[in-house]
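Reader: Could you walk me through this one and tell me what stands behind each label?

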Amino acid sequence: MQNNSAIGESWEEVRSRIFTPEEIAESDLRVALIGELIRARQERGITQKQLEEMSGVTQPVIARLERGTTSPNISTLTKLLAPLGKKLAIVPI
């Protein structure tokens, strides 16, 4: 991202100055997980309410998770991913 002289620093510069590398990595992982969950749900044409019925996770929890206003825990993620044909895996980077 380029600097905009009217604004000052780019978001990447501000982000790296404000947050630790660990905080940035955690945020990036959370965004990737939530993005994949939303993408998988939408690709299958499943509403949040339908996912609630399939997973047992309530629709308001799904909505908060998708908005990013709450951090997903592993048990909630696995409940949501299974009916979407996905699983959580730890792989080498």
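Author: Gladly; the questions below go from the salt bridges to a helix and a surface patch. This is a predicted model, in which local features need pLDDT of at least 70 and side-chain atom pairs count only at pLDDT 80 or more, while totals for chains, interfaces and linings use all residues. Residues are numbered from 1 along each chain as its sequence is written, and side-chain values use heavy atoms, with hydrogens and water left out.

Reader: What makes Arg15 and Asp28 a salt bridge?

Author: The term asks for a side-chain nitrogen of Lys or Arg within 4 Å of a carboxyl oxygen of Asp or Glu. For Arg15 and Asp28, the closest N and O atoms are 2.6 Å apart, so the pair qualifies. Helices here are DSSP runs (H or I, at least four residues), numbered from the N terminus.

Reader: Why is Arg15 called buried?

Author: Buried means under 20% relative accessible area, exposed over 50%, and partly exposed in between (1.4 Å probe, protein chains only). Arg15 has 13%, so the residue counts as buried.

Reader: Which parts of the chain does the pair Glu36 and Lys86 link?

Author: The closest N and O atoms of Glu36 and Lys86 are 3.0 Å apart in their salt bridge. This pair links distant parts: Glu36 is in helix H2 and Lys86 in the segment after H5, 50 residues apart. Together with Arg39, the two are linked in a network of salt bridges. A search of the whole structure finds 7 salt bridges.

Reader: Where do the buried residues of H4 lie on that helix?

Author: In H4 (residues 59-67), Ile62, Ala63, Leu65 and Glu66 are buried. They fall within an arc of 165 degrees seen down the axis, so they line one face of the helix; the arc is that of the directions from the helix axis to the C-beta atoms.

Reader: And why is Trp11 partly exposed?

Author: Trp11 has 45% relative accessibility, so the residue counts as partly exposed. Trp11 is in helix H1 (residues 11-18).

Conventions: Helices (H or I, at least four residues) and strands (E, at least two) are DSSP runs, numbered from the N terminus.
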